[in-house]
Amino acid sequence: MLRLTLTTLTRVSSLPRIATSSLSTSSRLQNERRQVKFVTTNGVHIGNANIGDSLLDVVVNNDLPLDGFGACEGTLACCTCHVVLSPEHFARVDKVNPAGEDELDLLDLAPALSDESRLGCQIKLDKSDPIVLEVTVPEVTRDARTLD
Ligand code: FES
């Protein structure tokens, strides 16, 4: 009888630990998820993402209908992944991952360039980003590989 009680107590006392563990895993996974809204002249396209995904990954993984976006598949050759960030987003990205010379050279070829322009293949989602991000995709894009 005593043995049964101890076994029962052991089982009962282990339940909250398992539940807590599951919750923290679930919570941790949720903290790794983000949603990105790509605002275009034709509407808003929403993609789910994980921390560490580039904006190009989000477009590809969610099969978003952004024609020509990411034509060089992230090899820093086209600038078709040009996006305009909010000033806050730009400042966060610029702190952890500022644009390199190659990206800046390509951005110079992008139409509708702004102070908050970046190439989507070079921007990765970071833990400091809010759960939902919004980026603007300019109406006109240019494939730098065709400019010679
Ligand atoms: S996908 Fe070509 S430069 Fe980003």
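**Notes on the model**

1. Buried residues make up 24% of the 148 residues in the chain. A residue is called buried if 20 or more other C-beta atoms lie within 10 Å of its own, exposed if 12 or fewer, and partly exposed in between, with C-beta atoms placed from the backbone.

2. This is a predicted model, in which local features need pLDDT of at least 70, side-chain atom pairs count only at pLDDT 80 or more, and totals for chains, interfaces and linings use all residues. Residues are numbered from 1 along each chain as its sequence is written.

3. The pLDDT (the predictor's confidence in each residue, from 0 to 100) averages 86 over the chain, and 79% of the residues score at least 70. Residues 4-20 have a pLDDT below 50, and this stretch has zero contacts in the model beyond near neighbours in sequence. Two residues are in contact if their C-beta atoms, placed from the backbone, lie within 7 Å.

4. The chain holds four helices and five strands, in the order α-β-β-α-β-α-α-β-β along the sequence. Helices (H or I, at least four residues) and strands (E, at least two) are DSSP runs, numbered from the N terminus. Of the contacts with a separation of 6 or more, 68% are between residues 24 or more positions apart.

5. Strand S1 (33-40) pairs with strand S2 (residues 43-50) in the antiparallel sense over eight bridges; strands count as paired if DSSP finds at least two bridges between them. A hairpin of two residues links S1 to S2, and Thr 40 is opposite Gly 43 in S2. S1 also runs parallel to S5, with five bridges, and here Val 39 faces Thr 136 in S5.

6. The largest nonpolar core has 24 residues, of which Val 36, Leu 55, Val 59, Cys 81, Val 83 and Val 135 touch the most other members. Strand S1, helix H2 (55-61) and strand S5 (132-136) each give two or more residues to this core, and H2 gives the most, with four. Such a core is a set of buried Ala, Val, Leu, Ile, Met, Phe, Trp, Tyr and Cys residues joined through C-beta atoms within 7 Å.

7. Leaving aside residues up to four places away in sequence, Val 59 touches Gly 47, Leu 64, Leu 66, Phe 69 and Gly 70.

8. Glu 73, not a glycine, has a positive phi near 60°. Glu 73 sits in the loop between H2 and strand S3 (82-84) and is exposed, with 11 other C-beta atoms within 10 Å.
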